[in-house]
Amino acid sequence: MFRFGPNDKVFDFRYFPQLIKTAMDEGAELSEILLGTQIPESALGAEDYKVSVSQLEVLVGNINQLCRPLLIMEYGAQLNLSAFGIVGYAALSSPTARDALRIANQYMPIVLPLLDIQVEEKADFAAIKLELTYPISTNAGKALLEASLASLYTMAQFVLLDKMPKVRLEVKHKLEPYHLAFSEMMDADIIGECPHNQIFIPSDVLNLPLPLANQVSFNMSIKQCDELMEQLPTLDRSLTSGIQRRLLHHHGETQMTQEEIAKELFISVRTLHRLLKREGSSFRDIANETLTLKAKYLLEEDKFSISQIAQELGYTDAANFTRAFRNYTGATPTEYRKKILSSS
């Protein structure tokens, strides 16, 4: 259902040379960092070089193995809004912090096509949730999400200045010593084994004007962002992938139905089918592929038994889950898990 594959070069590489340099400063050899990535050394100085999901997975995996666990979060904390090109400038020139969040949400595909930002506002706080929209190895995905959370924290510090409140970060994975080190370094609370990767900010600070707010610069930046969005793969612009993201991020006891999706979109089920058919898709195909993606995530984490995963995904028993998974992947859940664990 996704409109790019694991080997399509869709990620702007200019965000990674500094990470590579930081790893080298700690003693890692460039040849070891780039081992197996098929990224040439010349890419470190290229302006428009792009990499694929597969290359990104290997690169992040190499750095994780060669360097301190905290390094990638520290690197993320160095990425302020200005590091993200035109999207960053659009956010910087936004009237308020709330507008800056909207920009980050809308134009994140320009910066990192597999990351989705959602803002959920409550009475007293706003929860900024980060989710991956494309299947990626557990370790690489964890590193990218944690670096992004660290970057969001830095951005909040820049925007709020002396108004910066005590911020809480939540991560899906179990806390490790480097998380606590980051918490002390940034004076932020961090909690592990949570349902989402997210950062909480008090709602009352979102309406504060930004120090670099400029309507002319803002309008010009938005125009350039819109032009760049038009050049992207259709991943984040098709109904098919939009529905799949919604299903992937749904955490109810049962998977959302086509009726619920249609209601959210303010259209009839019949219209939903017609629009999906126009894209060469169907709700059944999307739902089945989404279940397969969720199953892969759970199998890669190796925290649950096959029966527990089957129950989590809504199958009546492990046999039905095994049959469906094999139909879509060509391997049983047990075979898939063994393959993943042996290669990690």
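The following exercises, each with a worked solution, concern a predicted model of one protein chain.

Residues are numbered from 1 along each chain as its sequence is written.

**Exercise 1. The chain as a whole**

State how many helices and strands the protein chain has, and explain why it is described as being as compact as a globular protein of that length.

Solution. Begin with the secondary structure: the protein chain has 16 helices and 7 strands. Helices (H or I, at least four residues) and strands (E, at least two) are DSSP runs, numbered from the N terminus. Next, take the radius of gyration, which is computed over C-alpha atoms; the globule rule is 2.2 Å times the number of residues to the power 0.38. For 344 residues the rule gives 20 Å, and the chain has 21 Å, which is close, so the chain is as compact as a globular protein of that length. The C-alpha trace spans about 55 × 50 × 40 Å along its principal axes. Finally, 48% of the 344 residues count as buried, where buried means under 20% relative accessible area, exposed over 50%, and partly exposed in between (1.4 Å probe, protein chains only).

**Exercise 2. Gln55 and Gln38**

Determine whether Gln55 and Gln38 are buried or exposed, and which backbone oxygens lie by the side chain of Gln55.

Solution. Second, apply the accessibility cut-offs: Gln55 counts as buried because its relative accessibility is 5%, whereas Gln38, at 72%, counts as exposed. Third, consider polar atoms of the side chain of Gln55: the backbone oxygen of Thr37 lies 3.1 Å from one such atom, and the backbone oxygen of Gln38 lies 3.5 Å from one. Fourth, list the contacts (heavy atoms within 4.5 Å). Leaving aside neighbours within four places in sequence, Gln55 is in contact with Lys9, Thr37, Gln38, Ile39, Tyr49 and Lys50.

**Exercise 3. Positive phi**

Identify where Asp187 is placed and state its phi, then do likewise for the phi of Gln38.

Solution. Most residues other than glycine have a negative phi. Asp187 is in the loop between helix 8 (177–186) and strand 6 (189–191), and its phi is positive, near 55°. Gln38, which is not a glycine either, has a positive phi of about 60°.

**Exercise 4. The largest cavity**

Describe the volume and the lining of the largest cavity.

Solution. A cavity is a set of points, on a 1 Å grid over the protein atoms alone, where a 1.4 Å probe fits but cannot get out; lining residues have an atom within 4 Å of a point. There are 2 cavities of 30 Å³ or more, and the largest has a volume of about 620 Å³. Of its 36 lining residues, the closest to its centre are Phe84, Met108, Ser148, Ser151 and Met155. Helix 7 gives the most to this lining, with 10 residues. The lining divides into 33 nonpolar residues, 3 polar and no charged. Here Ala, Val, Leu, Ile, Met, Phe, Trp, Tyr, Cys and Pro count as nonpolar, Asp, Glu, Lys and Arg as charged, and the others, Gly among them, as polar.

Note on methods
Predicted model: local features only at pLDDT ≥ 70, side-chain atom pairs only at ≥ 80, totals over all residues. Heavy atoms only, no water. Polar contact = N/O pair within 3.5 Å; in protein donor to acceptor, adjacent residues only side chain to side chain. 1 Å grid on protein atoms, 1.4 Å probe; cavity = no way out; pocket = protein on both sides within 12 Å on 5 of 7 lines; lining within 4 Å. Points joined across faces, edges and corners; volume = space filled by probe spheres on them.
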